[in-house]
Amino acid sequence: MVARRYRPPLFSVAPMMDWTDNHYRTLARLISKHAWLYTEMIAAETIVYQKENLDRFLAFPPEQHPIVLQIGGNNLDNLAKATQLANAYGYDEINFNCGCPSQKVAGHGCFGVRLMLNPKFVAEAMSVIAVNSDAPVSVKCRIGVDDHDSYDELCDFIYTVSSYSPTKHFIIHSRKALLNGISPADNRRIPPLRYEYFFALLRDFPDLRFTINGGINYIGEVNSALREGAHGVMVGRAAYNNPWYTLGNVDTAVYGASPSSITRRQVLEKFQVYGDSVLGKYGDGRPSVREVVMPLLHLFHSEPGNGLWKRKADSAFRNCTTIKSFLEETLVAIPDSVLDSPLVGVPPDHEDCFANLQLPPPYKETEQEVLYA
């Protein structure tokens with residue numbers, strides 16, 4: 001499979017609606033060569049009904065490999081058609097969304113995280129996706145939904161999906177989802193993290209691969225999870241809100257590559273070439289300068305000049321028509337010492353981050369074999 005050409009997904013950037021678009025992924029790949037990148041979730045219906053406009057939703061530069069398409073939906077026919085259409089684009093994995101608690105997703109019938117309540121359907125969906133794709137498949141889910149939050153219920157879901165479909169990789173957001181109307185932001189904050197569930201899955205399903213997600217913000221925490229046995233670690237907002245220091249340490253600290261001498265000025269020079277090549281590509285001024293440069297606004301997180309840079313960006317959005325002119329107008333706010341310095345130093349370690357967790361009792365798989373026979 002295509003994915004075997006790349007290093008394993010020890011580190012991946014989470015799919016985030018309105019954030020992990022082509023523009024962000026281009027920036028991310030300029031900083032890290034080995035991190036696995038995910039698309040935003042794309043609904044199967046969007047792919048099916050936009051057949052004449054697929055490049056807008058599915059095309060990506062070859063430099064973005066390794067890249068995973070996350071798809072959402074609850075209609076098997078549309079999932080089959082969408083996967084067939086996406087197959088031509090050569091994604092390295094197809095991921096099925098069973099974890100989004102947004103009312104825009106989970107509130108419309110059995111979609112997103114609500115699918116965890118119907119593991120047999122998820123197994124059917126994964127079988128349909130797998131048969132229509134040349135890429136491996138995976139599921140991203142939570143550890144539970146509302147009161148369905150016991151470890152055994154999570155295991156029932158994993159067991160059913162993995163037994164009745166080709167799914168062997170699960171990305172586990174280590175919080176349950178609350179579907180009582182709270183916002184997605186509160187769903188990332190209010191339900192407690194239960195890392196003990198994740199590490200118990202490693203014990204109870206040794207033939208499967210598990211990637212941990214949720215509450216992990218630093219490279220030291222990533223390496224701590226890997227040392228404790230996680231097959232991979234997925235990081236979300238930290239990789240978007242502080243891309244230079246998060247993604248900039250992935251290749252060396254996680255994958256053991258030699259340190260890179262690339263600077264932020266060099267990253268921006270390459271991004272400018274990409275950005276100006278895609279402005280207005282889809283008509284009606286889309287994407288706009290603002291849309292293309294949004295990921296750049298976090299590139300100088302906590303650096304001298306960051307506040308002034310953002311204020312200049314707000315002004316530049318009103319009159320700049322190219323990425324080149326935008327950068328010329330705004331980068332005067334950032335000192336040369338920041339623009340021209342490569343990333344230096346080793347991120348601090350977090351040795352005890354996942355130590356001494358009290359794991360739940362082992363899952364009794366034999367009972368489930370009878371239950372789902």
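Mentor: Let's start with Arg264, which is found in helix α13 (residues 264-278). Helices (H or I, at least four residues) and strands (E, at least two) are DSSP runs, numbered from the N terminus. This is a predicted model, where local features need pLDDT of at least 70 and side-chain atom pairs count only at pLDDT 80 or more, while totals for chains, interfaces and linings use all residues. Residues are numbered from 1 along each chain as its sequence is written, and side-chain values use heavy atoms, leaving out hydrogens and water.

Trainee: Is Arg264 buried or exposed?

Mentor: Arg264 has a relative accessible area of 3%, so it is buried (under 20%; exposed is over 50%, partly exposed in between, with a 1.4 Å probe and protein chains only).

Trainee: Which residues does Arg264 touch?

Mentor: Leaving aside residues up to four places away in sequence, Arg264 touches Trp244, Tyr245, Leu299, Phe300, Glu303, Val338 and Leu339 (contact means heavy atoms within 4.5 Å).

Trainee: How should I read aromatic pairs, and how many does the structure hold?

Mentor: A pair of aromatic rings is described by the distance of the centres and the angle of the planes. Here there are 15 aromatic pairs (rings of Phe, Tyr and Trp, its six-membered ring, with centres within 6.5 Å; planes under 30 degrees apart are stacked, over 60 edge-to-face, the rest tilted). Phe198 and Phe199 form an edge-to-face pair, 5.1 Å centre to centre with 90° between the planes, and both residues are buried. Trp309 and Phe326 are edge-to-face too, at 6.0 Å and 70°. That pair links distant parts of the chain, with Trp309 in helix α15 (residues 306-316) and Phe326 in helix α16 (residues 323-330), 17 residues apart. Trp309 and Phe326 are also buried.

Trainee: Which residues form the aromatic cluster?

Mentor: One cluster is made of Phe170, Tyr195, Phe198, Phe199, Phe205, Phe210, Phe354 and Tyr363.

Trainee: Where does Phe111 lie?

Mentor: Phe111 sits in the loop between β4 (93-98) and α5 (119-131). Phe111 counts as buried because its relative accessibility is 12%.

Trainee: At roughly what angle do the axes of α5 and α6 cross?

Mentor: Axes are lines fitted to C-alpha atoms, for helices over the stretch in contact, with angles from 0 to 180 degrees between N-to-C directions. Those of α5 and helix α6 (residues 151-163) come within 8 Å and cross at roughly 30°. Therefore α5 is roughly parallel to α6 (under 35 degrees; over 145 is roughly antiparallel, 65 to 115 roughly perpendicular, the rest oblique). Pro119, Lys120, Val122, Ala123 and Met126 in α5 meet Phe157, Thr160 and Val161 in α6.
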